[in-house]
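User: I'd like to learn how to read charged pairs and strand pairing in a model like this one. Could you walk me through it?

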Amino acid sequence: TAALPWTTGPSINPLLRSLYLARRGHKVILVMPWLASEHQACIYPDNLRFENPKDQERYIRKWCVDRAKMDPDREGLSFRWYEAAYFDTVKSI
């Protein structure tokens with residue numbers, strides 16, 4: 001999995017699936033990778049950096065409302081994070 005603002009299928013598809021499952025009444029917790037700043041610099045666009053997972057979660061929640069037209073709070077979607085790293089040799093988290 002990946003997480004926004006890295007706009008790849010592995011970040012957007014699980015997020016949208018989770019929103020739709022939550023909307024249908026399922027309890028959904030989407031677990032996403034948290035990258036340290038030096039790894040964020042490798043993949044996040046427009047110099048976007050997050051100090052902590054809560055800041056990135058705010059960005060993702062806003063994206064959900066603005067782009068997907070679904071509010072994670074209203075739908076009941078929760079987020080959790082795990083520490084991860086980006087490996088440039090394989091261009092992957």
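Analyst: Happy to. A salt bridge here is a side-chain nitrogen of Lys or Arg within 4 Å of a carboxyl oxygen of Asp or Glu. This is a predicted model, where local features need pLDDT of at least 70 and side-chain atom pairs count only at pLDDT 80 or more, while totals for chains, interfaces and linings use all residues. Residues are numbered from 1 along each chain as its sequence is written, and side-chain values use heavy atoms, with hydrogens and water left out.

User: How many salt bridges does a search of the whole structure find?

Analyst: The search finds 8. Side chains of opposite charge can pair when their charged atoms come close. Take Asp66 and Lys62, whose closest N and O atoms are 2.4 Å apart. They sit 4 residues apart in helix 3, so about one helical turn separates them. Helices (H or I, at least four residues) and strands (E, at least two) are DSSP runs, numbered from the N terminus.

User: Is Lys62 buried or exposed?

Analyst: Buried means under 20% relative accessible area, exposed over 50%, and partly exposed in between (1.4 Å probe, protein chains only). Lys62 is exposed because its relative accessibility is 51%, and Asp66 is partly exposed at 37%.

User: Which residue forms a salt bridge with Glu57?

Analyst: That is Arg61, with the closest N and O atoms 3.1 Å apart. Both Glu57 and Arg61 are buried, and both belong to helix 3, 4 residues apart. A network of salt bridges links Lys54, Glu57, Arg61 and Asp73.

User: What does Glu57 touch, not counting residues up to four places away in sequence?

Analyst: Contact means heavy atoms within 4.5 Å. By that rule, Glu57 touches Phe79 and Trp81.

User: Now the strands: in which sense do strand 1 and strand 2 pair?

Analyst: Two strands pair if DSSP finds at least two bridges between them. Strand 1 and strand 2 (residues 77–84) pair in the parallel sense over 8 bridges. In strand 2, Tyr82 is the bridge partner of Pro33.

User: Why is strand 1 described as largely enclosed by the rest of the structure?

Analyst: Because 6 of its 8 residues are buried. Ile29, which lies in strand 1 (residues 28–35), is partly exposed, with a relative accessibility of 40%.
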